[in-house]
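My notes follow the model shown here.

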Amino acid sequence: MLIIALEGPSYAGKSTAIRHLRHTALGSRAFVSDCYVKHIAHRDDIPPVRTDSAAAQLAAFERFMEIEATRVAEAAASGRQLVVLDRSVDTLLAHAYALDALFEYGVHHRLRGRLTTLPFLRPDRTLYLDVPAESLHLRRKTAGHTAAESEYFLHEPGFLHHARDYFVHTARRPMTRELTVLAADADPDEVARAVEAVVGFWAR
């Protein structure tokens, strides 16, 4: 089984790429899983992105790992040899890494330890969509989301910096076996086609 994950900041184009892949020959032979929050029916049940304590951050991780266990079971039951994930456990670790840096929660190492006892899909290859902060803000504004939610923690400079560092610069490697960075400062549909090309090359 080949497990490929798409990672990157919010509004980087991951969901657009996943939707595109679903409608290709590649997607028809793959088990494709949406990101964690799309597995939660009610918005109020989604853990906050800006937790207010280490305990809350640990609880959020455990909630998302319940979803990860479901992903594991569904991927195994599908019988597919190709698995494509919109975000992986590295998203959860990057989030904790960023909050540790910002608020000194000290939970990142604990979460890595928890993974040794929990089922999860470890990506063989991860494609990180790298988009400048200015482009992310513009995409969110274009989507009409800035008026309803002016404060958006996932696009705060500190969070973006540290979350990107987890994937690109940190000395402690992500869980994925291999990471590729794709410059994704382009039209999301164009990025989706680039993602299809890379995933198709890996899945040959």
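This is a predicted model: local features need pLDDT of at least 70, side-chain atom pairs count only at pLDDT 80 or more; totals for chains, interfaces and linings use all residues.

The side chain of Glu 7 meets that of Arg 87 in a salt bridge, 3.9 Å from N to O. Glu 7 sits in strand 1 (residues 2-7) and Arg 87 in the loop between strand 3 (82-86) and helix 4, so the pair ties together parts 80 residues apart in sequence. I noted Arg 87 as buried too, because its relative accessible area of 18% is under 20%.

I then counted the salt bridges and got eight in the structure.

Next I checked Arg 164 and Asp 130, whose side chains form a salt bridge at 2.8 Å, N to O. Arg 164 is in helix 7 and Asp 130 in strand 4 (residues 125-130), 34 residues apart. Arg 164 is partly exposed at 30%, whereas Asp 130 is buried at 17%.

Arg 63 and Glu 66 also form a salt bridge, with their closest N and O atoms 3.3 Å apart. Both are in helix 3 (residues 54-78), three residues apart, about one helical turn.

Last, I looked at helix 4 (residues 89-103) against helix 7 (residues 157-168): the angle is about 130° and the axes are 8 Å apart. I therefore logged helix 4 as oblique to helix 7. Their crossing is right-handed. The contact includes Leu 93 and Tyr 97 of helix 4 and Phe 159 and Tyr 166 of helix 7. By class I have eleven nonpolar, four polar and two charged residues in this contact.

Conventions. Residues are numbered from 1 along each chain as its sequence is written. Side-chain values use heavy atoms; hydrogens and water are left out. Axes are lines fitted to C-alpha atoms, for helices over the stretch in contact, and angles run from 0 to 180 degrees between N-to-C directions. Helices (H or I, at least four residues) and strands (E, at least two) are DSSP runs, numbered from the N terminus. Angles under 35 degrees count as roughly parallel, over 145 as roughly antiparallel, 65 to 115 as roughly perpendicular and the rest as oblique. A crossing is left-handed if the near helix is turned anticlockwise from the far one by less than a right angle, and right-handed if clockwise. Contact means heavy atoms within 4.5 Å. Ala, Val, Leu, Ile, Met, Phe, Trp, Tyr, Cys and Pro count as nonpolar, Asp, Glu, Lys and Arg as charged, and the others, Gly among them, as polar. A salt bridge is a side-chain nitrogen of Lys or Arg within 4 Å of a carboxyl oxygen of Asp or Glu. Buried means under 20% relative accessible area, exposed over 50%, partly exposed in between (1.4 Å probe, protein chains only).
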